[in-house]
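The structure is shown first.

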Amino acid sequence: MKVRALAGRPSGGPRASGKLALEGRRGTVPLMASLVAYEDSDSEAETDPAGGFHPAGQIEDTSAALRPLGQDFGSRVLDATGGRAPSLEHGPHDDPAACRLPLARLWSQDPGSCPSQRLRWPRPEPEAALPASPPARPSLWTCQAPTGHVPLAAACSKQVRVFWEPSGSPELSLDARIGSEGPGKGGSSLQRKRREDCVIPYTPKRLRPLQALSTETDSGKDTEAQGPCAGRVPAPLCVAPEASEFIQPYLDSQYKETKIPKKVLFHLRGHQGPVNSVQWCPVSARSHMLLSTSMDKTFKVWNAVDSGSCLQTYSLHSEAVRAARWSPCGQRILSGGFDFALHLTDLETGTQLFSGQSDFRITTLKFHPRDHSVFVCGGFSSEMKAWDIRTSKVVRSYKATIQQTLDILFLREGSEFLSSTDASSRDSADRTIIAWDFQSSAKISNQIFHERYTCPSLTLHPREPVFLAQTNGNYLALFSAVWPYRMSRRRRYEGHKVEGYSVGCECSPDGDLLLTGSADGRILVYSFRTASRARTLHGHTQACVGATFHPVLPSMLATCSWEGDVKIWL
């Protein structure tokens with residue numbers, strides 16, 4: 001940024017000589033109309049040969065002060081006397097009412113004598129000597145302008161701030177600091193901080209979306225950290241030492257025939273988002289507790305048999321909780337969400353026994369049926385990972401050419417497990433359902449399901465060596481649970497709707513009935529032997545994505561829906 005003094009023509013007077021004569025400290029400066037022109041150029045600054053600047057030959061400081069319109073024009077002159085106000089003589093040609101661009105003050109010696117209210121440029125220009133040059137030619141910017149006008153080049157290249165005086169009247173101060181003011185000499189720490197704050201690094205366009213995403217993520221983490229639940233250990237869950245009075249009579253007897261419920265016992269409301277799944281506690285004495293996971297970043301534990309009240313709410317995740325499972329001992333809950341986090345929470349103490357960070361968003365997880373310290377999780381990734389809670393490390397990885405794992409199902413002995421994926425194309429027979437060897441991480445079979453539908457959920461029959469797969473073709477398919485995992489062509493359970501939802505399915509404890517939700521809010525109960533529809537329950541206005549039988553009570557089941565409620569049927 002270079003500064004050039006241009007001589008104008010005073011109103012009502014003869015033509016000026018076009019040169020600016022700068023005299024000594026005690027001299028006077030002729031009265032003339034002038035303005036400062038700014039040019040964005042890398043060339044040296046031009047000065048008049050007749051003018052003698054500072055002995056070092058440099059311009060020390062430049063500032064333009066804008067004053068109210070009613071003030072005398074004679075007070076706005078070019079001051080080169082080293083910080084002292086020069087003596088001014090008004091001529092007959094002075095026009096106080098004329099609206100001209102304010103003049104610039106060139107402070108030659110003391111930088112601290114500049115006006116206190118001014119705008120600092122973001123960075124100082126390097127020191128440059130001002131060689132003698134021919135007289136400056138008239139510029140197109142040399143014109144009459146109203147008070148308060150800022151040149152276009154200065155407004156585009158530098159920022160202009162308005163400083164408000166204590167009296168309430170705004171005064172605009174502009175300070176162009178150029179020359180020998182280096183980092184060691186340049187003003188106070190506040191001024192240096194202002195210059196640093198004004199500098200904004202350039203970010204390429206291809207990196208701006210990533211920068212915005214990281215900013216939103218950081219702000220979300222900060223907001224979550226400041227929330228009422230973040231960073232606070234959940235309170236211990238108060239569980240009665242004795243079993244529920246409704247469950248107690250069934251504990252010592254063998255499970256009887258499952259009965260289909262007819263009415264709603266409890267309508268549990270409390271989640272602020274869709275409920276993804278529900279699961280009863282696997283321990284019979286504590287099976288009155290129900291676990292629900294939701295997209296509102298929480299999972300809850302309910303007393304769904306006695307009172308229908310919420311026992312505890314856990315807000316350990318910063319994103320939606322897609323999967324949560326009871327531990328086989330019934331005292332811990334393993335949860336995974338879209339925030340890549342895994343947590344194992346002890347219900348009695350409220351502490352986290354295990355915390356891990358995955359490389360992908362978690363959509364499903366299952367405990368190993370034999371070794372309860374190991375679990376397998378999958379999600380928005382082409383691989384699944386087996387974690388060991390004792391070491392908090394990944395012990396095995398299972399890779400496939402897929403994009404997302406929808407569900408995981410362990411077979412009886414735990415040496416093999418199945419995974420369903422979102423692959424559906426003409427050649428998807430090798431990716432829809434895959435059988436894995438747990439120890440070696442090798443694929444046992446990938447020619448299981450040959451139809452072009454994805455399978456959002458899998459369930460195992462409690463008594464027969466078969467499993468069922470929920471398909472987006474609006475039917476349930478039956479498969480053999482032993483190699484080569486053939487699909488049954490004779491038995492198919494149809495009548496419900498999936499339509500892209502992750503609709504769950506489950507068999508009754510005795511294996512006689514098959515339960516599934518539907519995208520239209522219905523709950524359908526099928527006979528496992530005949531594949532006929534036994535009953536249809538109308539309980540939800542939106543998609544019913546989860547349904548499960550009680551492990552002890554023969555006529556109780558729980559359902560959840562996309563509208564965020566849970567219903568207990570009896």
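## Salt bridges in the predicted model

The model is predicted, and 11 salt bridges are present in it. R286 pairs with E348 in one of these salt bridges, with 3.4 Å between the closest N and O atoms. The two residues are 62 residues apart and link distant parts of the chain: R286 belongs to the loop between β8 (275–280) and β9 (289–294), E348 to the loop between β14 (341–346) and β15 (352–357). E348 is also partly exposed, at 43% relative accessibility.

Another salt bridge joins E413 and R370, with the closest N and O atoms 2.9 Å apart. Here too distant parts of the chain are linked: E413 is in the loop between β20 (405–410) and β21 (416–421), and R370 is in the loop between β16 (362–367) and β17 (374–379), 43 residues away. Both E413 and R370 are exposed.

R492 and E451 form a salt bridge with an N to O distance of 3.1 Å. R492 is in strand β27 (residues 487–494) and E451 in the loop between β23 (443–445) and β24 (457–460), so this pair ties together parts 41 residues apart in sequence. R492 is partly exposed at 34% relative accessibility, whereas E451, at 18%, is buried.

| Pair | N to O distance |
|---|---|
| R286 and E348 | 3.4 Å |
| E413 and R370 | 2.9 Å |
| R492 and E451 | 3.1 Å |

Salt bridges also connect D359, E383 and K385 in a network.

Terms used: Residues numbered from 1 in each chain as written. Predicted model: local features only at pLDDT ≥ 70, side-chain atom pairs only at ≥ 80, totals over all residues. Heavy atoms only, no water. Salt bridge = Lys/Arg side-chain N within 4 Å of Asp/Glu carboxyl O. Helix = DSSP H or I, 4+ residues; strand = E, 2+ residues; numbered from the N terminus. Buried < 20%, exposed > 50% of the residue type's maximum accessible area, 1.4 Å probe, protein only.
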